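This briefing is intended for a reader who is meeting the structure for the first time. Please keep the sequence and the model in view while reading.

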Amino acid sequence: MTYEEKNGIPAPGWSERLEHPDIVAGLEKRRKRAIGCGVVFIVLAFLTPIAISLFVKDSIAMGEAFKYGGVIAGVLLVCTALTALANACKKPFEGEVTDKKEELRRSKSDKKGEVSYTKEYVTYVKLSTGGTKKIVETTARDASAWKYLKVGDRFRFHPKLAFPYELYDKSKAEKLFCPVCGKENPVEADRCKKCHAPLVK
Ligand SMILES: [Zn+2]
């Protein structure tokens with residue numbers, strides 16, 4: 001069996017599938033659905049106090065309901081816009097994992113003056129452009145840099161994909177994650193079992 005034949009994974013290299021029309025279309029559909037959900041959520045947040053005012057006897061006056069609805073919807077809108085902006089600012093990069101460490105981060109003391117710690121999973125990366133980067137995660141899910149990337153792995157980060165990490169040597173992957181919906185797939189699969197998008201091979 002040649003290297004190329006194994007699970008349909010080609011020899012080490014960057015995938016040419018990222019520009020595949022099915023992936024591009026799938027990501028666009030996902031983006032539109034996210035916008036649609038956001039709009040529905042914000043409109044519902046605005047309408048809820050008004051509905052309470054209308055249907056719950058002796059609850060809040062209509063004028064107050066409009067005010068509350070406006071404030072809640074406004075806060076949600078700002079949060080959504082900031083999250084979208086933060087995501088849009090994420091830049092792609094290429095690098096190699098140099099180290100991985102579990103670290104405890106000291107959280108701000110609460111009102112009682114108690115100190116708490118949050119566990120962080122930190123993946124240290126040497127960038128191909130020079131310089132270093134830390135990928136900090138607070139959970140160790142399968143679909144995270146912490147679980148997916150090993151020390152020594154060369155990889156690319158594609159911020160627009162549902163699962164953003166691409167290994168240079170994909171034969172090292174234990175599983176594949178869909179670029180469009182993020183679903184876990186076996187390495188033998190060619191397309192996602194959930195949304196049928198081509199997997200990054
Ligand atoms: Zn999928």
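The points below are grouped by topic. The structure is a predicted model. A search of the whole structure finds 16 salt bridges, and the largest pocket holds about 910 Å³ of space.

- For comparison, the ideal angle for four tetrahedral donors at a metal is 109.5 degrees.
- C178 has a relative accessible area of 0% and is buried.
- C192 also counts as buried, at 2% relative accessibility; the cut-off for buried is under 20% relative accessible area.

**Salt bridge between R154 and E94**

- R154 and E94 form a salt bridge in which the closest N and O atoms are 3.4 Å apart.
- This pair links distant parts of the chain, as R154 lies in strand β4 (residues 154-157) and E94 in strand β1 (residues 93-106), 60 residues apart.
- R154 is partly exposed, with a relative accessible area of 36%, whereas E94 counts as buried at 18% relative accessibility.

**Salt bridge between K119 and E102**

- A salt bridge joins K119 to E102, with the closest N and O atoms 2.8 Å apart.
- Because K119 lies in strand β2 (residues 117-127) and E102 in strand β1, the pair ties together parts that are 17 residues apart in sequence.
- K119 is partly exposed, with a relative accessible area of 39%, and E102 is likewise partly exposed, with a relative accessible area of 47%.

- K175 forms a salt bridge with E184, and their closest N and O atoms are 3.8 Å apart.
- K175 counts as partly exposed at 22% relative accessibility, as does E184 at 33%.

- H158 is found in the loop between β4 and β5 (165-167).
- At 14% relative accessibility, H158 counts as buried.
- Leaving aside residues up to four places away in sequence, H158 touches L18, P164 and E166.

**Largest pocket**

- The space in the largest pocket amounts to about 910 Å³.
- The lining of the largest pocket consists of 23 residues, and R30, N87, A88, P159 and K160 are those that lie nearest its centre.
- At least two lining residues of the largest pocket come from each of α1 (21-55), α2 (62-88) and β3 (132-137).
- The most is given by α1, which contributes six residues to the lining of the largest pocket.

Key:
Residues numbered from 1 in each chain as written. Predicted model: local features only at pLDDT ≥ 70, side-chain atom pairs only at ≥ 80, totals over all residues. Heavy atoms only, no water. Buried < 20%, exposed > 50% of the residue type's maximum accessible area, 1.4 Å probe, protein only. Salt bridge = Lys/Arg side-chain N within 4 Å of Asp/Glu carboxyl O. Helix = DSSP H or I, 4+ residues; strand = E, 2+ residues; numbered from the N terminus. Contact = heavy atoms within 4.5 Å. 1 Å grid on protein atoms, 1.4 Å probe; cavity = no way out; pocket = protein on both sides within 12 Å on 5 of 7 lines; lining within 4 Å. Points joined across faces, edges and corners; volume = space filled by probe spheres on them.
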